[in-house]
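Visitor: I am new to this structure. Please take a close look at a single part of it, and then tell me what lies around that part.

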Amino acid sequence: MSAFPLWLRRTWPLAAIALVLALLACVFAWAAGWIGTQRLTAQRFTNAIEANNGKVYPGYRRAHGKGVCVTGRFTSSGAAAALSRASLLAPGAVTPVLGRLSIAGADPHAPDAMARVRSMALQLTGMDGQQWRTAMNSFPFFVVATPQGFYDQAVASRPDPATGKPDPAKMAELLRKHPEIAKFQQWAKTAPWSNSWANTQFNGVNAFRFIDAAGHVSFVRWSMRPQLPFAAMDPAQRKDAEADYLTDDLSARLARGPLRWDMVVTVAAAADPIDDPSQPWPQNRRQVVAGTLELDASHPQSTGACRDINYDPTVLPDGITLSDDPVLAARAAVYSQSYNRREDEIARGLAPEATGRESAR
Amino acid sequence: MSTDTHFNLLARVLHWTMAAMILAMLFIGVGMVASVSLRPVLIDLHRPLGIAIGLLALVRLGNRLRHRPPPLPADLPRWQMLGAHASHWLLYGLMIAMPLLGWATLSAGGYPVTLWPGAVLPPIAPHGPQAYALLHGAHVLLAFALFATVLGHLGAALFHAWIRRDGVFSSMVHGPRRTSGE
């Protein structure tokens, strides 16, 4: 040591301390996504969706911005109790539901009837405070297999400022990278449109684990199958419909009585894809009707209780857990960002319209 | 035999256990809000770990109030003495405040505060955007403050260990030894 000059002997411990602290700070910044490769973070994902929307609608959800709150109850048949020990699925259990019916897209003033995708989000709250949140859609399978695919789609389908339409070259490249999108496009082009939320089937396209009392695991997907028969809406009817057609239709139907959906739980067979929501399972899989959802009231979302709920599909009661489907974690990440941003806008008073303090233009 | 020169065993065990927990917690927290793949796993760790830290911090505070810690070296500059005391009480404050704020944030966001499957804590704040935005913002801001304080604390500890070599660092590493040469 004596070979080192005095200043170096004094300096190296200081340098070592600085190095330790800098290293920790760098790992922290990397974990936060502030430095390093531009990996896909929840923040960047949400930014991409906002950019795709063209603008931010303060206080509204970044996706599925237009919707209406609904309330009712879920009555368990007990048919799924052998698959999952969740108390909400026990025979005869009645659980209050706070839900939301919506259309895809961010614009809170979009014409209802023109939305290809409609959605149902539900929050079931058990007596013990446990919750089951689920966000389902009218499509039978997800558009892409992975979060990266969804992000790539958001970027590629961003309207070109010159034409107002997505760049065809980018869309072709997207389809080459994520060929499963073609299947979804085919569905969007050919599947008939329903004329009401009330006769639409909503599918939770992600797989989950149902865990029974003995700890046995079944992989399942669930859907809400309407008790009303499907009724189609043709292009001319859709074009002529009022902007709030679905909301008005719902109110009119609820005024006549409650609306019901059966919760159909489909159990995967051994080789079925449980980590890819873009792949539907064969039609002949075992199904059980776990119970019936009954909705009997709706409220505008600007003042309704669903406004301040994040329908995060990873909020689950004991007896149900996530599968390895990567889209579930990404949904939780992005929904949380969307929720934080819009609640912040509401708290700062930047969202008079979303909170019903300024009527829609 | 006096334990005046060293922290007592409970203080030392709690210090190093909680050091690992808090450091892990800060990385889990900042990672879980960014990650598009690990959020569910990390948040399932974040909630019970946070509550555990809060409970251990209360045990630690009781121990700290009942047992005087070893005094800092008399020749320590006054500003360093003040910094040490202020940062220690700031750490105690944050160790107790952060879990409560996290719990309150989830309550204000309408989320169930699930520690493990089936175990849900009751809400401790009203559900609504004003409370949520305020509590969430405070939780994030104080997390950065906690990380900065932890870095400062670590830097100061290493300064005592490697530069001053005044026994302050070893007072938290081991108990009093009969051999001299500390």
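Guide: Helices here are DSSP runs of H or I with at least four residues, strands are runs of E with at least two, and both are numbered from the N terminus. The model is predicted, so local features are reported only at pLDDT of at least 70 and side-chain atom pairs only at pLDDT 80 or more, while totals for chains, interfaces and linings use all residues. Residues are numbered from 1 along each chain as its sequence is written, and chains are lettered from A, with ligands numbered from 1, in the order in which they are written.

The part I will take is helix α2(B). The buried residues of α2(B) are R39(B), L42(B), I43(B), R47(B), G50(B), I53(B), A57(B) and R60(B). Buried means that 20 or more other C-beta atoms lie within 10 Å of the residue's own; 12 or fewer makes it exposed, anything in between partly exposed, and the C-beta atoms are placed from the backbone. An α-helix has 3.6 residues a turn, so residues three or four places apart point the same way.

The cover over these buried residues comes from both chains: it includes α8 of chain A, and α1, α3 (78-108) and β1 (113-116) of chain B.

Now to the partner across the contact. A333(A) touches R39(B), S35(B) and V36(B), as well as A42(A) and F45(A), leaving out residues up to four places away in sequence. A333(A) is also one of the residues with the most contacts inside the largest nonpolar core, together with V220(A) and V265(A); that core has 102 residues. Helix α8 (residues 326-347) of chain A gives the most to it, 9 residues. A nonpolar core is a set of buried Ala, Val, Leu, Ile, Met, Phe, Trp, Tyr and Cys residues joined through C-beta atoms within 7 Å.

Further along, helix α8 of chain A also holds R342(A), which counts as buried because it has 26 C-beta neighbours inside 10 Å. Leaving aside neighbours within four places in sequence, R342(A) is in contact with G59(A), Y60(A) and R61(A). R342(A) and Y57(A) are 285 residues apart in sequence, yet 8.8 Å apart in space from C-alpha to C-alpha.

In β6(A), V220(A) is the bridge partner of F208(A). Strand β5 (residues 202-211) of chain A joins β6 (residues 217-226) by 7 bridges, and the two run antiparallel; strands pair if DSSP finds at least two bridges between them. Because 8 of its 10 residues are buried, β5(A) is largely enclosed by the rest of the structure. β5(A) also pairs with strand β9 (residues 320-322) in the antiparallel sense over 3 bridges, with F210(A) opposite I320(A). β6(A) in turn pairs antiparallel with β7 (residues 259-267) over 7 bridges, and there R225(A) has D262(A) as its bridge partner.

Terms used
Contact = placed C-beta atoms within 7 Å.
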